[in-house]
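Open the structure and keep the sequence beside it. The tour below moves from single residues to the ligand and then to the whole chain.

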Amino acid sequence: MRVRASPITLQHEARVALKRHLQRESVGECFAPGRVNLIGEHTDYNDGFVLPCALDVGTAVAIAPRTDNRIVAISESRGRVQRDEFSLEELPEPLPRGAWANYLRGMVAAALTAGQAVSGMDLAIVGNVPQGVGLSSSASLSVALGKSLLTVAEHGPAPHAVSLQHIARQAQWTEHHYAGCLCGIMDQMAAAMAAPAEALLLDCRDLTLERMALPEDWCVLIVDSGTRRELVAGEYNQRRLQCEAAARHYRVSTLRELSSARLSTHRGALDDVCFRRARHVLTENERVLQAAAALKAADLRSFGAALRGSHESLRTDFEVTVPEVDALAAMLDELIAHHADGRGGARMTGGGFGGCVIAVIEKPTAELILAGLRQSLGERQIFAVGL
Ligand code: ADP
Ligand code: MG
């Protein structure tokens with residue numbers, strides 16, 4: 001699968017969908033991208049470092065104000081239209097777990113709870129981020145909706161200045177309270193802040209960020225393993241609880257405050273599982289900084305080493321990979337060794353338990369590596385950033 005569609009095209013499709021399904025003319029459109037995380041997995045909710053990068057796929061929302069106090073929304077994706085409608089007189093209730101409209105209801109509830117003026121509106125949503133494979137279609141949807149609520153509020157009687165960072169926080173709140181996933185802030189910050197062709201080095205402790213241009217001759221291949229284990233949110237939440245248990249053991253507020261020296265010297269009676277979870281988080285933070293330095297120096301060998309280290313740590317210490325994903329990462333590393341003399345690297349990306357593997361490589365070797373991949377996997381499962 002090679003996805004290419006500009007935000008402009010998607011916003012046009014959202015306008016058309018608003019007209020077709022709700023018979024309304026759009027007064028404005030909002031967009032937020034999906035993201036791929038280059039490195040820094042399961043570090044965000046431990047106040048650590050991450051290095052995500054915007055995709056050129058995302059979610060667009062077209063908006064038309066209503067005179068009554070209701071939200072009416074449709075989402076059109078791959079020919080399927082889904083709808084939700086509710087009043088703004090009270091906080092919208094969450095629907096059963098897994099319902100797409102929980103992201104809409106959550107964003108509206110977050111805005112209302114924050115005292116933001118939300119007026120009635122018709123919304124048409126069009127997204128082309130592959131869903132549920134770790135490229136964060138949910139954050140892209142939530143942030144695009146957060147921008148939309150604000151766009152209408154700014155035309156209304158009581159505008160509230162809500163920054164993109166607030167929208168990211170509201171989108172995280174939505175994941176926690178309406179979608180049932182205790183995620184960190186990376187996906188939402190990336191969807192709110194990241195621009196194409198750059199990586200965001202984000203410190204999740206204070207949300208400071210550094211924008212880093214991807215070197216001209218680098219590209220990122222994203223390969224869908226095609227596997228997705230059930231109950232991923234449950235596994236994810238369990239990892240988070242294990243990290244919090246480890247932090248309590250070491251008497252630190254988050255694992256970000258723990259040094260590698262204390263990790264070993266104060267291990268005491270901490271059980272093996274929580275110890276390994278903490279070790280992953282500490283070493284992963286170091287690898288993100290190593291990768292960021294390598295990115296600045298355009299040193300693909302060192303960047304690749306950090307990616308491989310990350311995968312290994314996620315496989316053994318954090319235990320969020322599955323055999324199909326391990327096999328895919330190993331296959332990509334072999335192709336990189338063979339065709340690029342080891343300049344580059346591969347790893348799983350996203351929360352784990354299936355989903356996508358990335359490879360960061362030089363553009364001139366990309367065609368050879370892609371040809372090798374297509375031989376085993378076919379065109380369908382591959383797309384690229386920067387090619
Ligand atoms: P990921 O964020 O990695 O893609 P999630 O499970 O967190 O995976 O989010 C996927 C869910 O987000 C979908 O099942 C759907 O409920 C919702 N979603 C994402 N994009 C859209 C969209 N364009 N329209 C409706 N729902 C969407
Ligand atoms: Mg998600």
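Start at leucine 207. This is a predicted model, and in it leucine 207 is buried, with a relative accessible area of 5%. The cut-off explains the label: buried means under 20% relative accessible area. Leucine 207 sits in the loop between β6 (198-203) and β7 (208-213). Its phi is positive, about 65 degrees, although leucine 207 is not a glycine. Most residues other than glycine have a negative phi.

Now move to alanine 298. Its phi is also positive, at about 50 degrees, and again the residue is not a glycine. Alanine 298 lies in the loop between α8 (272-296) and α9 (300-316). Is alanine 298 buried or partly exposed? It counts as partly exposed, because its relative accessibility is 44%, and that class covers values between 20% and 50%.

A positive phi also turns up at a helix end. Just after α4, glycine 180 takes a phi of about 80 degrees. Helix α4 itself spans residues 164-179. Several of its residues are buried, among them Ile167, Ala168, Ala171, Thr174 and Tyr178. The buried set also includes Gln170, Gln172 and Glu175.

Go back to helix α8, where histidine 280 has its place. Histidine 280 counts as buried, because its relative accessibility is 0%. What does its side chain meet there? A polar atom of that side chain lies 2.9 Å from the backbone oxygen of glutamate 41. Leaving aside neighbours within four places in sequence, histidine 280 is in contact with Glu41, His42, Arg287, Ser313, Leu314, Asp317 and Phe318.

Proline 33 is found in strand β1 (residues 28-39). It is buried, with a relative accessible area of 8%. Which residues does proline 33 touch, not counting those up to four places away in sequence? They are Ala54, Leu55, Val57, Gly58, Ser140, Ala190, Ala191 and Ala194. Look also at alanine 139. It is 106 residues from proline 33 along the chain, yet their C-alpha atoms are separated by 8.6 Å.

Alanine 73 belongs to strand β3 (residues 70-77). Its relative accessible area is 0%, so alanine 73 is buried. With neighbours within four places in sequence left aside, alanine 73 is in contact with Gln82, Arg83, Asp84, Trp100, Leu104 and Leu123. Valine 108 is 35 residues from alanine 73 along the chain, and the two C-alpha atoms are separated by 12 Å.

Turn to ligand 1. How many residues surround ligand 1? There are 13, and the closest are Ser75, Gly132, Gly134, Ser137 and Ser138. By class, the shell has five nonpolar, eight polar and no charged residues. Helix α3 (residues 137-155) supplies the largest share of this shell, three residues.

A polar side-chain atom of serine 138 lies 3.0 Å from an oxygen atom of the ligand. A polar side-chain atom of glutamine 131 lies 3.4 Å from a nitrogen atom of ligand 1. Serine 136 uses its backbone: a polar atom there is 3.5 Å from an oxygen atom of ligand 1. Taken alone, ligand 1 exposes 560 Å², and the protein buries 80% of that.

Finally, step back to the whole chain. The protein chain has 11 helices and 11 strands. Its radius of gyration is 21 Å, close to the 21 Å that the globule rule gives for 387 residues, so the chain is as compact as a globular protein of that length. Along the principal axes, the C-alpha atoms fill a box of roughly 60 × 50 × 35 Å.

How much of the chain is buried? Of its 387 residues, 58% count as buried. The chain exposes about 15,600 Å², and carbon and sulfur atoms supply 52% of that area. Contacts reach along the sequence as well. Among contacts with a separation of 6 or more, 71% join residues 24 or more positions apart.

Definitions and conventions: Residues are numbered from 1 along each chain as its sequence is written. Chains are lettered from A and ligands numbered from 1 in the order in which they are written. This is a predicted model: local features need pLDDT of at least 70, side-chain atom pairs count only at pLDDT 80 or more; totals for chains, interfaces and linings use all residues. Side-chain values use heavy atoms; hydrogens and water are left out. A residue is near a molecule or strand if one of its heavy atoms lies within 4 Å of it. A polar contact is a pair of N or O atoms within 3.5 Å; within protein, one must be able to donate a hydrogen and the other to accept it, and residues adjacent in sequence count only if both atoms are side-chain atoms. Accessible areas come from the Shrake-Rupley method with a 1.4 Å probe; for residues, only the protein chains shown count as cover. Helices (H or I, at least four residues) and strands (E, at least two) are DSSP runs, numbered from the N terminus. Ala, Val, Leu, Ile, Met, Phe, Trp, Tyr, Cys and Pro count as nonpolar, Asp, Glu, Lys and Arg as charged, and the others, Gly among them, as polar. The radius of gyration is taken over C-alpha atoms; the globule rule is 2.2 Å times the number of residues to the power 0.38. Buried means under 20% relative accessible area, exposed over 50%, partly exposed in between (1.4 Å probe, protein chains only). Contact means heavy atoms within 4.5 Å.
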